[in-house]
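Q: Please take a close look at one part of this model: the place where the two chains meet. What builds it?

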Amino acid sequence: MPRSSDHSRDPCPYVIFSDIGVSFAMGAIGGGVWYGIKGAKNSPRGERFPGALVSLKARAPVLGGNFAVWGGLFSTFDCAMKGIRQKEDPWNSIASGFLTGGCLAARGGPKVALTSAAIGGVFLAVIEGLGIVISRAFADQNRPMMPQLPDIAPPASH
Amino acid sequence: MEPTKFERAKVGAMMGGAVGLCIGLVFGGISAMRNGPGSRGYVNNLAQTMLSSTATFAFFMAIGSVIRSEEAKAIDYSSLEFNNSKRFKTPPVIILQQQRDSDSRR
């Protein structure tokens, strides 16, 4: 999941493409397992494996595409926020989640779009909040220690 | 020691489970407020929503944290055994990369 101030990721314009790929793979693999099980469950006995395969082939790429649209649009908005605001904080992600949700439901009219935007914003806010909470919880374990400074006289002031 | 794929999946699943729990609480609560208690009562309905969203998020975030590998390890073709045979040669790209690496190391 995208996170602000994560320096192991690509710089901004390129991260959009890697995010699209990661989201697609996530949706396709997850959807493969998900719809495989669902198709096997919904098929009659003796048809379990072919049924699972049909359901998987029909739906898993679609789920991957949906994930990719969400991830790519989110990442684009995130980069735009970074460019406009010139800082990186959780509000970037929350605003981009809000805008992404709004954009994807824009055809349903303002009310639907606003609901979907609120869902996206709340979703990203929960993720960001939990990220902060978890990093606080683990921050005590490996707090950087200050190195021992040698005893030297301070430079004479002019 | 970099974490193995399974450890990364575990961390991702835990993270996703926490996110899913919170999301299920928020959206399950909103839906209970809007639609009423459903057929099983408030608490059971909320618990069901929270559990299913926890499972979904843990599943997908475990996958998401496994497939994101930070640094792809290039295959060291020139050190592989088949390099002596005629059929497989070291790809030129790899040779260029090795030259560049050794140049930058110097």
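A: This is a predicted model. Chain B and chain A bury about 1700 Å² between them, and carbon and sulfur atoms give 86% of that area. On the chain B side, B:Met15, B:Phe60 and B:Arg68 lose the most area to chain A. Together these three make up 33% of what that side buries.

Now the residue counts. In contact across the interface are 17 residues of chain B and 22 residues of chain A. Between the chains there are 0 salt bridges.

Which helices of chain B take part? The largest share comes from α2(B), with 8 residues. By type, the chain B side divides into 13 nonpolar, 2 polar and 2 charged residues.

B:Gly24 is buried because its relative accessible area is 2%, under the 20% cut-off. Leaving out residues up to four places away in sequence, B:Gly24 touches B:Gly29, B:Leu46, B:Thr49, B:Met50 and B:Ser53. The C-alpha atom of B:Gly24 lies 15 Å from that of B:Pro37, 13 residues apart along the chain.

On chain A, an unreviewed UniProt entry lists residues 12–37 and 117–139 under "transmembrane region". In the model, residues 12–37 are 100% helix, with end C-alpha atoms 37 Å apart. Residues 117–139 of chain A are 100% helix, and their end C-alpha atoms lie 32 Å apart.

Notes
Residues numbered from 1 in each chain as written. Chains lettered and ligands numbered in written order. Predicted model: local features only at pLDDT ≥ 70, side-chain atom pairs only at ≥ 80, totals over all residues. Heavy atoms only, no water. Buried < 20%, exposed > 50% of the residue type's maximum accessible area, 1.4 Å probe, protein only. Contact = heavy atoms within 4.5 Å. UniProt positions renumbered as here; feature names shortened; annotations may be inferred. Helix = DSSP H or I, 4+ residues; strand = E, 2+ residues; numbered from the N terminus. Buried area = accessible area lost by both parts, 1.4 Å probe. Salt bridge = Lys/Arg side-chain N within 4 Å of Asp/Glu carboxyl O. Nonpolar A, V, L, I, M, F, W, Y, C, P; charged D, E, K, R; others polar.
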